[in-house]
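Student: I have a structure open and want to learn how to read it. Can we take a few features in turn?

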Amino acid sequence: MQMTQKLFLPTMGCGTWAWGNRLLWGYDESMDDQLQAVFNLCVTNGVTLFDTGDSYGTGKLNGRSEQLLGQFSRDYVGSNQENICIATKLAAYPWRLTRQSMVSACASSAKRLGRNVDLVQMHWSTANYAPWQEAALLQGLADLYEQGSVKGVGLSNYGPKRLKWVHQKFSDRGVPIATLQVQYSLLSTYPVTQLGLKDVCDELGIKLIAYSPLVLGLLTGKYSEKGPFPKGIRGLLFRQLLPGIRPLLDCLGAIAQSRNKTISQVAINWCICKGTIPIPGAKSVEQAKENIGALGWQLDSNEVAELDRAAASVDKSMVQNIFQTK
């Protein structure tokens with residue numbers, strides 16, 4: 001029996017906020033109260049879409065992101081409580097080969113969350129390396145919708161050709177695709193400018209979600225080419241990209257100053273102006289307040305055009321997710 005309940009997704013005016021793998025970077029249990037405060041602040045301010053994944057966290061933290069998000073959702077009492085939308089992404093692990101494996105995976109996520117998943121998403125397509133695996137996993141997602149286990153189904157890291165292929169398969173079963181999640185920011189315009197994904201999503205009635213809108217912090221204005229840099233791979237990436245993106249950061253800074261906003265707020269608002277739902281992460285109340293400050297106003301067309309030109313002029317853009325298909 002097909003479920004007819006409409007999936008709630010926040011509008012552009014409400015904004016969104018993501019809860020993903022950033023939660024687990026440097027995480028320890030002493031952070032729980034602070035993270036609950038972050039969650040409460042977001043929901044109170046109308047930020048009600050929370051995105052996670054069953055692959056976030058390894059070892060003793062395996063599944064921890066979903067567990068915490070479920071706990072915070074249950075413990076929250078206040079305004080917008082009824083609008084909380086929990087989205088999770090199911091990984092296309094090599095040992096997940098059947099449609100039932102995805103149904104079971106979603107049941108495990110729901111158990112960790114302590115509540116049903118609202119939006120279940122395919123975390124990535126296997127088209128780039130094991131195209132034979134994907135069809136059964138997608139059928140499993142459709143099964144979840146038909147069974148009423150979830151309110152909506154979404155995809156992640158799909159390009160227009162693969163998206164249309166999945167859309168046809170789902171349409172044959174009467175299963176709509178609610179969302180498509182891709183890496184999109186002023187330093188990662190590829191999915192929209194080169195793949196044309198926004199136009200395809202609009203045509204098919206799919207909401208485009210922009211993950212990593214601040215590019216791991218590069219578009220916050222808190223880092224410079226002189227350092228200091230974060231540790232590890234992130235630091236290496238910053239060393240490569242920062243020297244070439246100075247014109248973009250200067251443009252963001254000028255607009256931020258004229259608007260009495262921060263650079264990160266302008267970068268997030270740009271994503272909203274492009275008709276996407278940006279999902280920046282936050283681990284502290286201060287970061288959450290910063291993200292919320294991107295809502296309730298809008299860049300004008302001239303400012304958007306200035307940022308577009310600055311983004312097009314950078315020497316290097318953010319590397320694309322290896323699972324992104326065409």
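Student: How are two packed helices described?

Tutor: By the angle between their axes and the distance between the axes. Keep in mind that this model is predicted. Here, helix α4 (residues 131-147) and helix α5 (residues 160-172) pack at an angle of about 45 degrees. Their axes are 11 Å apart.

Student: Which residues of α4 and α5 make the contact?

Tutor: From α4 come P131, E134, A135, L138, L141 and A142. From α5 come R162, W165, V166 and F170. The crossing of α4 and α5 is right-handed.

Student: Why might contact residues on a helix be spaced out?

Tutor: An α-helix has 3.6 residues a turn, so residues three or four places apart point the same way.

Student: Where does R162 lie relative to W165?

Tutor: R162 lies over the face of the W165 ring, at 4.0 Å from the ring centre.

Student: At what angle do α3 and α4 pack?

Tutor: At about 50 degrees, with the axes 7 Å apart. Helix α3 covers residues 99-113. Again the pair is oblique, and the crossing of α3 and α4 is right-handed. On the α3 side, R99, S101, M102, V103 and C106 make the contact. On the α4 side the contact residues include A136, L137, G140 and L144.

Student: Now aromatic rings. How many aromatic pairs are there?

Tutor: Rings pair if their centres lie within 6.5 Å. By that rule there are eight aromatic pairs. One of them is Y223 with F238, edge-to-face, 5.0 Å centre to centre and 75 degrees between the planes. Y223 sits in the loop between β6 (207-211) and α8 (232-241), and F238 in helix α8, so the pair ties together parts 15 residues apart in sequence.

Student: Are Y223 and F238 buried or partly exposed?

Tutor: Y223 is partly exposed, at 23% relative accessible area. F238 is buried, at 0%.

Student: Which residues form an aromatic cluster?

Tutor: F39, F50, F72 and Y76 form one.

How values were computed. Residues numbered from 1 in each chain as written. Predicted model: local features only at pLDDT ≥ 70, side-chain atom pairs only at ≥ 80, totals over all residues. Heavy atoms only, no water. Phe/Tyr/Trp six-rings, centres within 6.5 Å; stacked < 30°, edge-to-face > 60°. Helix = DSSP H or I, 4+ residues; strand = E, 2+ residues; numbered from the N terminus. Buried < 20%, exposed > 50% of the residue type's maximum accessible area, 1.4 Å probe, protein only. Lys NZ or Arg CZ within 6 Å of the ring centre and 35° of its normal. Axes fitted to C-alpha atoms, helices over the stretch in contact; angles between N-to-C directions. Left-handed = near helix turned anticlockwise from the far one by under 90°. Contact = heavy atoms within 4.5 Å. Parallel < 35°, antiparallel > 145°, perpendicular 65-115°, else oblique.
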